[in-house]
Protein chains: 2
Amino acid sequence: MEFAEYLPIWDKLTPQQQQMIAEVVEFRKVKKGTHIHDSSAECLGLVMVRSGQLRAYILSEDGREITISRLFEYDVSLLSASCVMPDMQFNVMIEAEKDTEFWSIPACLFKNLVDESLAVSSFANSLISGNFSELMWLMEQIMWKSFDKRLAAFLLEEAAIEGTSSLKITHEKIASHLGTAREVVTRMLRYFQSEGMVKLTRGAIEISDPRKLDDLQNG
Amino acid sequence: MEFAEYLPIWDKLTPQQQQMIAEVVEFRKVKKGTHIHDSSAECLGLVMVRSGQLRAYILSEDGREITISRLFEYDVSLLSASCVMPDMQFNVMIEAEKDTEFWSIPACLFKNLVDESLAVSSFANSLISGNFSELMWLMEQIMWKSFDKRLAAFLLEEAAIEGTSSLKITHEKIASHLGTAREVVTRMLRYFQSEGMVKLTRGAIEISDPRKLDDLQNG
């Protein structure tokens with residue numbers, strides 16, 4: 001039962017609870033670009049990432065997106081189980097940003113566990129608190145950080161995640177992450193280029209002066 | 001023990017837990033404008049509002065504010081106890097918008113209860129989920145709703161809370177609620193006035209056409 005290693009509270013569950021989970025836990029491999037959760041559809045449940053990368057985002061009525069959370073190996077998320085959380089009403093979508101392997105524990109079982117186990121309830125608590133904290137941070141960024149700083153921070157984060165200074169990402173995609181329009185991203189990237197911070201080539205953004213970008217994001 | 005009525009899970013606590021709370025619960029009356037919680041100071045704990053009105057907001061480094069939650073009679077909040085929640089790192093301030101009476105349960109006791117009681121843990125869960133949901137809604141507003149709609153919605157909400165169409169609120173104050181600058185509010189209010197939706201007088205904003213404001217916020 002490899003997934004047990006990916007569920008931090010496994011050892012705090014009773015043998016019975018462990019067995020119930022083991023019986024219904026689902027393992028999936030999905031291709032980059034797959035939508036694994038859509039709040040209009042049935043609720044996926046607790047997600048545990050084995051490998052790859054997921055992105056949780058919200059979507060406006062007219063199709064604009066903003067990334068609210070990203071999940072990597074060993075990350076566990078309840079954003080895909082909002083339907084079972086009390087007083088939680090919002091729409092979150094989750095898609096694979098890379099080929100991804102993950103387990104999911106069905107929402108209904110997880111809800112039962114939250115209701116009967118203090119350990120699971122505390123765990124759920126800490127997951128939601130973490131998301132809340134993330135969202136608060138994001139809101140502060142959006143409200144009070146100018147777009148040039150947010151874009152600089154995004155490029156540096158992306159470079160760190162991918163382990164490369166040559167980012168294969170479209171302007172459209174960046175706009176979706178940051179909740180803005182493609183033209184706004186393109187305009188700012190051109191400005192970054194004119195300042196020697198990046199080099200724009202066909203299909204890639206080369207970070208040529210990471211220190212200057214870093215100064216910008218902190219400045 | 002009147003406060004018991006304001007704590008929805010009172011009946012689910014053991015007599016011992018009830019007694020511990022009764023021994024340390026604090027009752028306070030504060031004047032309009034009092035800051036009751038500041039995240040840089042010691043953490044206040046769980047707050048239960050008996051009467052009045054509180055406002056929770058975040059503050060940027062350069063002094064800009066945005067309201068993230070408002071508390072009325074019978075509302076209970078954990079935003080004033082973020083220090084005891086796991087994985088929660090952010091700065092929330094709470095101030096009284098009217099003369100307010102409230103009880104608080106000290107953070108350290110509440111944390112113990114969350115750790116030992118499933119009922120309290122579930123309750124904390126639902127409070128945080130509620131805040132998360134509220135924040136998500138707010139973020140969608142900020143990202144995707146133009147400022148005229150947000151201002152229209154704010155004026156109507158304020159009129160409903162105060163039970164009057166003549167709002168005694170400064171443009172500065174509205175700007176703090178909505179996370180923008182005073183000039184932006186003043187400019188938009190003048191536009192609203194030119195459209196016959198409000199009438200601006202010294203020290204007050206008179207809502208003269210609530211239906212038109214409502215159309216605007218939903219349009």
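**Close-up views of a predicted two-chain model**

**View 1. Overall make-up of chain A.** The secondary structure of chain A consists of seven helices and 11 strands. The model shown is predicted. Taken along the principal axes, the box filled by the C-alpha atoms of chain A is roughly 60 × 30 × 30 Å. Chain A has 219 residues, of which 34% are buried. Among the contacts in chain A with a separation of 6 or more, 69% are between residues 24 or more positions apart.

**View 2. The two domains of chain A and the contact between them.** The domain assignment divides chain A into domain 1 (2-142) and domain 2 (145-218). The C-alpha centres of domain 1 of chain A and domain 2 of chain A are 28 Å apart. Five residues from domain 1 of chain A and six residues from domain 2 of chain A take part in the contact. On the side of domain 1 of chain A that touches domain 2 of chain A, strand E5 (residues 65-71) of chain A provides the largest share, with three residues. By class, this side of domain 1 of chain A comprises one nonpolar, two polar and two charged residues.

**View 3. The interface of chain A with chain B.** In this interface, 31 residues of chain A are in contact with 31 residues of chain B. Helix H3 (residues 118-144) of chain A gives the most to the side of chain A that touches chain B, namely 20 residues. Sorted by class, that side of chain A holds 17 nonpolar, 11 polar and three charged residues.

**View 4. Strand E11 of chain A and its partners.** Strand E11 (residues 204-207) of chain A has A:Ile205 and A:Ile207 on a covered face, whereas A:Ala204 and A:Glu206 are on an uncovered one. In a regular strand, side chains alternate between the two faces of the sheet. Strand E9 (residues 166-167) of chain A runs antiparallel to E11(A) and is joined to E11(A) by two bridges; here A:Ser166 stands opposite A:Glu206. Strand E10 (residues 198-201) of chain A also pairs with E11(A) in the antiparallel sense, over four bridges. A:Val198 has A:Ile207 in E11(A) as its bridge partner. E10(A) and E11(A) form a hairpin with two residues between them, and A:Gly203 in the turn has a positive phi of about 80°.

Key: Residues are numbered from 1 along each chain as its sequence is written. Chains are lettered from A and ligands numbered from 1 in the order in which they are written. This is a predicted model: local features need pLDDT of at least 70, side-chain atom pairs count only at pLDDT 80 or more; totals for chains, interfaces and linings use all residues. A residue is buried if 20 or more other C-beta atoms lie within 10 Å of its own, exposed if 12 or fewer, and partly exposed in between; C-beta atoms are placed from the backbone. Two residues are in contact if their C-beta atoms, placed from the backbone, lie within 7 Å. Ala, Val, Leu, Ile, Met, Phe, Trp, Tyr, Cys and Pro count as nonpolar, Asp, Glu, Lys and Arg as charged, and the others, Gly among them, as polar. Domain bounds come from an automatic or database domain assignment. Two strands pair if DSSP finds at least two bridges between them.
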